[in-house]
Amino acid sequence: MKRIILAALAALSLAGCAQHRAAAPAAPITVKIIAFNDFHGNLEPPTRPIEQKIADGSTVEVPAGGAAYFATAVKTLKSQAPFSTVVAAGDLTSASPLISSLFLDEPTVTAMNLIGLEINAAGNHEFDRGVDELKRLQSGGCAKLTRTQPCQIEPFKGAAYAYLAGNTLNAGGDSLLPGTAIKHYGTGANRITIGFIGLTTRMTGSFVDPVGIRGVRFADEAQTANRLVPALKAQGADAIVVLIHEGGYTTSRTQGDKCEGLSGPIIDIVNRLDPAIDLVVSGHTHRAYICDFAARDPARPTLLTSAGNAGVMLTDIDLRFDPVTHRLIGREARQVIVQGDGVAAPVQALPRFAADPAVAAHVARYAAEALPRARRVVGRASGPIPRDEDSEMRESPLGLLIADAQLAATRKDGAQIALMNPGGVRASIFPAADSTVNFGDLFTSQPFGNNLQVKSMTGAQLLAILEQQFTVPEAPQMLFVSGMSYRFDRSRAAGQRIIAPMVAGQPLDRAATYRVTVNSFLGGGGDGFTTLADAATVAGGMLDLDALEAWFARGDVVTPPALGRVINLTPGD
């Protein structure tokens, strides 16, 4: 009997120990996702600081960006957690400054390898030079697939990171690029598994030259993501992250950690996503935001982020998991400004990062090769020639100037009008202190290398093209015009929105034939202007950049054009 009592006491003692141990559960497992988007080959720091609102409520100018500082910022964040993954939401390349674009963006891909990028959702600009060139960026090699010579400085090894875009479908319905990736963190019973889905905007077909993507269609983003979720769950994914090159707009451009007034196509996409998707890293709109969708719908606690553009910011995201159940129990994000050295005094309230030596040396090597071409003076300007970055539904001085340059370059071919798409104007032009403008300034503003085309069309066709400015709901945009003027009212019925169109001071004649200059991207129906593809091409061949350089080379001091060729009469706008 005594032995039984002792055994019972021992069992109770062991049970008490077990209960004591259960009362002190293991700490959550944290996986850090370091995210960015729309780098666009900005290897060197921007020439102007960014404006940012800091904790005390003041707005400051921050010297931010540059691949070498970016690399150190990434390493710093990685050091703060035992598990991490570096991801991007597209447009790392193309629409790039001379230092990258001149070399087919090979230096940017190599810089991303050095930085430690692991997964990138291909953006629309990654398709700018065509599918085959995108595949070369992934796999490497020196095959000449564009007019530019690859491997000009060194052999190109390709991206060490994976390009994902599961909604890029060929005629057979198969994806051109992989749609998913799986990452594991830790070992044994504590191993956490995260599935990643990569998507590009379904509008990519409208944003790039149709010739380079022939046979490829871009499927709905949410439908594609939802279709890919079960396979990731079957592979044991404890959480699912979507990397998508599509985004939204907020009312503030200086508070990247907020989500005030979020609008844009990303809202509809997130609302239609499978609730199993926990985090959405977005891009495309060049806005910075952190949005907790649980505030909108508690049943959909998706976290949505975007890190602006040009490498001036990173999003530091922590995903916390229960170590026993592997259930996601927390998600937090914050924006990290990549503050380095350069164009403004450092802001003491923000972290400051040193330049990574290896990345700095890599950038310096390509900068030295590009510098002689970049510094060549092409003309003078009376002051900054801005590109309007807040809206694609109003005129910008640089957009009008480019249209003027293209019309002047094709007058010899009988051109009477020029049309320029706002998406093709990439950066404002800022002359030096002595008013000089160099080739690098022009290249940064027009990096695509499109040929000019002179199209023959009736006045009725031209009006149909102008009407198309308002009929692409995902991305309405106003073309910059030269040689004509008009007013518009978007509240009117289709076909009646263009008011009092004038060509060379005379009312437009619907039955007359006009010659209209466009770049080859627009001429192929790009940006949704499909009517342009139907018009006959009667002349062309000159590069758009050459036309802009010729405008500056006339000997005059270039003055930003006055606005007012197109006037918006829409009530409430």
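**Salt bridges in the predicted model**

E133 and R136 are both buried (under 20% relative accessible area, with exposed meaning over 50% and partly exposed in between, for a 1.4 Å probe and protein chains only). The two residues form a salt bridge in which the closest N and O atoms are 2.9 Å apart; a salt bridge is a side-chain nitrogen of Lys or Arg within 4 Å of a carboxyl oxygen of Asp or Glu. E133 and R136 stand 3 residues apart in helix α5 (residues 131-139), a separation of about one helical turn. Helices (H or I, at least four residues) and strands (E, at least two) are DSSP runs, numbered from the N terminus.

The structure is a predicted model, in which local features need pLDDT of at least 70 and side-chain atom pairs count only at pLDDT 80 or more, while totals for chains, interfaces and linings use all residues. Residues are numbered from 1 along each chain as its sequence is written, and side-chain values use heavy atoms, with hydrogens and water left out.

In total, the structure holds 21 salt bridges. One of them joins the side chains of K32 and D318, at 2.9 Å from N to O. K32 belongs to strand β1 (residues 29-36) and D318 to strand β15 (residues 313-321), so this pair ties together parts that are 286 residues apart in sequence. K32 is buried at 3% relative accessibility, whereas D318 is partly exposed at 21%.

The side chains of D316 and R334 also meet in a salt bridge, at 3.0 Å from N to O. This pair links distant parts of the chain, with D316 in strand β15 and R334 in strand β16 (residues 328-337), 18 residues apart. D316 is buried, with a relative accessible area of 4%, and R334 is partly exposed, with 39%.
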